[in-house]
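Hi there,

Here is the structure I promised to pass on.

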Amino acid sequence: MHQASAFHLVGPFVIGATCVLCGKTYSPQDAGYVCPCHGDEGILDVNYNYQAARSCFPGTAQPDALARLNAQPGLWRYRALLPLPWDAAVPALHVGMTPLYAAPHLAQRLGLAQVWIKDDTRQPTGSFKDRASCLGVALAKQGQVPVIATASTGNAAAALAGMAAAHKQPCVIFVPSSAPPAKIAQLQAYGATIFLVQGSYDQAFELCMEACRTMGWYNRNTAYNPCMAEGKKTAAFEIAEQLHWQVPQALFVGVGDGCIMAGLHKGFCDLERMGLIDRVPRLYGVQAAGSDFLAQAQDAGLKSPQALLTKAPIAAHTVADSISAGLPRDRVKAMNAMVGTKGSFIRVSDAEILAAIPELAAQSGVFAEPAAAAALAGLHRALELGLVQPEESVCLMITGNGLKDIASAMQACQPLAQPVELAANSAALQKVLAAKF
Ligand SMILES: *Cc1c(COP(=O)(O)O)cnc(C)c1O
Ligand SMILES: [Zn+2]
């Protein structure tokens, strides 16, 4: 089959991949996208020789090796623990090593010792998804696969299209025709081939899968291609390194498919195996009340893979389009992340998500799209529930830029103080200045 030839599991220290459902391990030569025993649900987890990787990883490398790592831009300093050959070319856009800001005003307001903001609004295409797509495009190019494809509601598509443009790698995008016009314009600008699917994201996903099988394209689909979670784990590496390997107690992130949460978990577990950190932060997956598959599963005690695979999809509706997922594709890994770190899934309303946009912006200067601001809404809820203690240090993973969804930002700012109307003359100016100051 074409499909088998497009995917290669390679990397300096990659030793195989393990199925999250049955635990069967495949060698790099034998690994396909998924475990053949379970069809598309047999998602794999990539394994490394950590002992060998230590000499080439920040924090454990000797000074001369570290100097070479420091010369790699952004997240590529972590390529010892990525599934990509050392010498493979990567897109020239600067992905990763985004700022980690202390947010003292927010911390004080929330009554917490420390709040950190990991600002992935600053990624090249405006979202966290660049961490996965830069790796996908590098892998497609390295494997000389003529086309890379993905289905997406928006950000993963923009990330793939942008990285593909930078690397001159043809790409094909399947998006539901209901996608926000601004997100489609971003794809057009990058020059992607776009299929506007007259149906849901789930239907777009299935058509993309079929196209990849038929055409032998490289398949970047989330929670299918196991390398995408590997790209996403670099955010955990950065947070830990930026804090000199002293990780926060708790981390909050918006959850749709669950791949980001799973990737963060993988990243922290990698660091623990390398001996760089001595514990993994509790991971809190924040879900919109109208798209709360994983929160529902948690409440019902459906934590085993079997239970998660048999739970029926829900009808997802939320203002936070990037975390709208009726059937989270990476639900097994995301649940493992929650259980394994003693975290929780937290449900917040659309009103709470919208209110978090101007709160985060005004208290920290970081302007987030709804799915990203959901992290702050989730922290509020966790404090109410007593899940986080005042003396703890907390990190908010801010996954997408507020400019991605201006309509929601405008809606969120409706209840706030309105701008002062000012006639364009000096007398009017003097009048409002006297009144206001
Ligand atoms: C994709 C995305 C998420 C959620 O990631 P999942 O892997 O689907 O859980 C959160 N925020 C933003 C901005 C995203 O684009
Ligand atoms: Zn399996």
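Leu 433 is partly exposed, at a relative accessible area of 36% (buried means under 20%, exposed over 50%, partly exposed in between, with a 1.4 Å probe and protein chains only). Before I go on: this is a predicted model, where local features need pLDDT of at least 70, side-chain atom pairs count only at pLDDT 80 or more, and totals for chains, interfaces and linings use all residues. Residues are numbered from 1 along each chain as its sequence is written, chains are lettered from A and ligands numbered from 1 in the order in which they are written, and side-chain values use heavy atoms, with hydrogens and water left out.

Leu 433 sits in helix 18 (residues 426–436); helices (H or I, at least four residues) and strands (E, at least two) are DSSP runs, numbered from the N terminus. Together with Leu 422, Leu 429 and Phe 437, Leu 433 makes a nonpolar surface patch of about 420 Å². Patch residues have over 30% relative accessible area and no salt bridge, with nonpolar side chains (Val, Leu, Ile, Met, Phe, Trp, Tyr) joined within 5 Å and like charges within 9 Å. A salt bridge here is a side-chain nitrogen of Lys or Arg within 4 Å of a carboxyl oxygen of Asp or Glu.

**The zinc site**

Cys 19 (SG), Cys 22 (SG), Cys 35 (SG) and His 38 (ND1) coordinate the zinc ion (ligand 2) at 2.3 to 2.4 Å. Donors are N, O and S atoms within 2.8 Å of the metal (3.2 Å for Na, K and Ca). Why is the arrangement tetrahedral? Because the 4 donor atoms subtend angles of 96 to 129°, and four donors count as tetrahedral if all angles lie between 85 and 135 degrees. Along the chain, the donors follow the spacing C-x2-C-x12-C-x2-H. Cys 19 in strand 1 (residues 14–19) and His 38 in the loop between strand 2 (25–26) and strand 3 (44–48) are 19 residues apart. Cys 19 is buried at 3%, while His 38 is partly exposed at 28%.

**Loop residues**

Ser 127, in the loop between strand 5 (114–119) and helix 5 (130–142), is buried at 1%. Leaving aside residues up to four places away in sequence, Ser 127 touches Asp 120, Asn 155, Thr 399, Gly 400 and Lys 404 (contact means heavy atoms within 4.5 Å).

Most residues other than glycine have a negative phi. Gln 144, however, has a positive phi of about 55°, and Gln 144 is exposed at 71%. Ala 223 has a phi near 60° and is buried at 7%.

Best wishes

Notes: Areas by Shrake-Rupley, 256 points an atom, 1.4 Å probe, with all protein chains shown as cover. Tetrahedral: all angles 85-135°; square planar, octahedral: opposite > 155°, others 65-115°.
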